[in-house]
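Here is a short briefing to read alongside the model. Please keep the sequence and the 3D view open as you go.

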Amino acid sequence: MHTDVVLLFLLVGMAGVSGRTRPKGRALQPQPPCRNVRWKREMPLTEGTGHKIASPIFKRSQDVTKVGGPKSEQLLRIDDHDFTMRPGFGGPAVPVGVDVQVESLDAISEVDMDFTMTLYLRHYWKDERLSFRSNNNLSMTFDGRLVKKIWVPDMFFVHSKKSFTHDTTTENVMLRVYPDGKVLYSLRVTVTSMCSMDLSRFPLDTQTCSLEIESYAYTDDDLMLYWKKGNRSLSTDERISLSQFLIQEFHTTTRLAFYSSTGWYNRLYIHFTLRRHVFFFLLQTYFPATLMVMLSWVSFWIDRRAVPARVPLGITTVLTMSTIITGVNASMPRVSYIKAVDIYLWVSFVFVFLSVIEYAAVNYLSTLQERKERVLRERLPCTCGLAHPGVMSDGYSDVDFNTTGNYGLPQENGMKRERMLVQLAMESDQVTGHVGSGAYSNSWIDTHVIDKYSRVLFPGSYVLFNVVYWSIYS
């Protein structure tokens with residue numbers, strides 16, 4: 001009896017507890033076998049599981065710098081240091097070695113007085129804050145993203161007009177860190193820099209341009225710039241060539257630059273010497289100018305009475321020389337001194353201009369001669385031979401005195417008749433005492449002498465000028 005009562009109380013108590021813990025109407029859901037899943041994850045791979053055993057290459061010890069583990073910032077302990085300060089701040093100047101590889105010389109402009117160069121600029125220094133532990137003493141290489149988190153030298157190009165770092169396909173920057181803290185920082189840069197050119201011998205000139213590298217903020221007390229391997233620190237691509245210049249020499253120097261407000265700075269120089277190719281200018285400038293001068297000499301062999309032939313020839317050569325001079329100066333800077341090409345072109349222009357002036361003088365004297373000849377014909381009577389028979393007896397004994405229209409002169413040569421008229425006038429003046437015909441005779445002679453001597457004087461003077469010019473500037 002007592003046993004049945006005890007069992008009844010136990011059943012009622014268990015029903016009450018279950019009624020309070022589980023809401024009404026909600027069925028008991030089976031629980032997932034979590035412990036079994038966790039146990040399976042924690043099971044090691046064995047041959048009994050049916051999986052392959054890992055390759056033996058993963059079992060050997062590896063360099064921590066080559067294993068995907070801690071981040072580069074954690075490995076280099078970047079967060080543990082202040083990289084806004086230079087290495088060894090407060091101590092001696094940090095030495096920074098530099099070497100340069102010139103990839104190309106893209107353009108050289110005489111008008112803007114500048115040049116454009118593409119180069120690989122490399123810096124070498126040691127920063128013990130970047131040292132790390134390495135089993136194989138191998139370096140780590142990074143791109144430009146890590147450069148912004150550490151200290152790098154603040155190099156800039158003195159007298160540069162514009163420059164940029166290439167960013168195709170990514171930013172062309174490389175950072176290599178060695179376990180002992182040595183750093184190599186390399187970047188690919190294109191820079192347009194000023195080049196002061198002396199064009200007094202253009203286009204027979206040789207130009208020397210310089211690219212100057214300097215730290216912007218750090219004086220020589222904080223940063224010492226130097227060429228890492230001396231003159232061998234500068235290397236060039238053998239395929240570099242320019243259309244107008246021949247690259248003769250590349251060399252490097254180091255100097256100190258002083259600024260009155262900030263102090264002394266180390267400055268690195270890249271000098272290169274360029275010699276201009278003259279063949280292009282011979283074809284485009286010198287040969288055409290010489291041909292125009294020679295063309296102007298043709299008028300000396302043309303009849304002085306052929307005005308329509310000689311005048312256009314002279315004007316054409318003058319205008320052509322003006323066009324050549326204008327074309328050359330259009331591609332040159334407006335300098336205040338005379339260039340070698342200016343001397344040649346302007347002397348050639350003077351020769352062409354003088355050939356036009358020469359014909360003007362010949363034409364004027366010819367007109368003066370004809371005018372005086374016309375006056376003499378009007379003054380000379382038809383019986384001039386009868387009035388002075390002694391005049392005609394020496395050279396013209398066969399004159400027909402009955403022929404009054406042509407004075408008995410043969411008509412086969414018009415010039416002979418003109419000479420006879422002048423001789424008659426001179427002998428008439430000697431008999432009558434009239435003066436003035438001597439000047440007329442000299443004018444007739446000078447008209448022909450001008451053309452005769454110009455045929456020799458102009459070419460000879462121009463050849464002499466060319467000999468002196470090319471001996472000085474070549």
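Is histidine 159 buried, partly exposed or exposed? Histidine 159 is partly exposed, because its relative accessible area is 43% (buried means under 20%, exposed over 50% and partly exposed in between, with a 1.4 Å probe and protein chains only).

This is a predicted model, in which local features need pLDDT of at least 70, side-chain atom pairs count only at pLDDT 80 or more, and totals for chains, interfaces and linings use all residues. Residues are numbered from 1 along each chain as its sequence is written, and side-chain values use heavy atoms, with hydrogens and water left out.

**Overall picture**
- The protein has eleven helices and twelve strands (DSSP runs numbered from the N terminus, helices being H or I with at least four residues and strands E with at least two).
- Of its 474 residues, 37% count as buried.
- Among contacts (heavy atoms within 4.5 Å) between residues at least 6 apart in sequence, 76% join residues at least 24 apart.

- Histidine 159 sits in the loop between strand E4 (155–158) and E5, and its phi is positive, about 65 degrees, although it is not a glycine.
- Methionine 113, in the loop between strands E1 (94–109) and E2 (114–126), also has a positive phi, near 55 degrees.
- A cis peptide bond, with omega near 0 degrees, runs from threonine 168 to threonine 169; threonine 169 belongs to the loop between E5 (160–165) and E6 (173–177).
- Another cis bond leads from phenylalanine 202 to proline 203, and proline 203 is in the loop between E7 (182–194) and E8 (206–215).

- Helix H6 (residues 307–330) has 24 residues and reaches 35 Å from first C-alpha to last, close to the 34 Å expected at 1.5 Å a residue (1.5 Å times one less than the number of residues).
- Buried residues of H6 include Leu313, Thr317, Met321, Ile324 and Val328.
- The axes of H5 (residues 279–296) and H6 come within 9 Å and cross at roughly 165 degrees, which means that H5 is roughly antiparallel to H6 (an angle over 145 degrees).
- In H5, residues including Pro288, Ala289 and Met292 meet H6 residues, among them Leu313, Thr317 and Met321.

**Tryptophan 264**
- Tryptophan 264 is in strand E12 (residues 263–276) and is partly exposed, because its relative accessibility is 43%.
- Beyond four places in sequence, tryptophan 264 touches Thr219, Asp220, Leu256, Ala257 and Phe258.

Definitions and conventions
Axes are lines fitted to C-alpha atoms, for helices over the stretch in contact, and angles run from 0 to 180 degrees between N-to-C directions. Angles under 35 degrees count as roughly parallel, over 145 as roughly antiparallel, 65 to 115 as roughly perpendicular and the rest as oblique.
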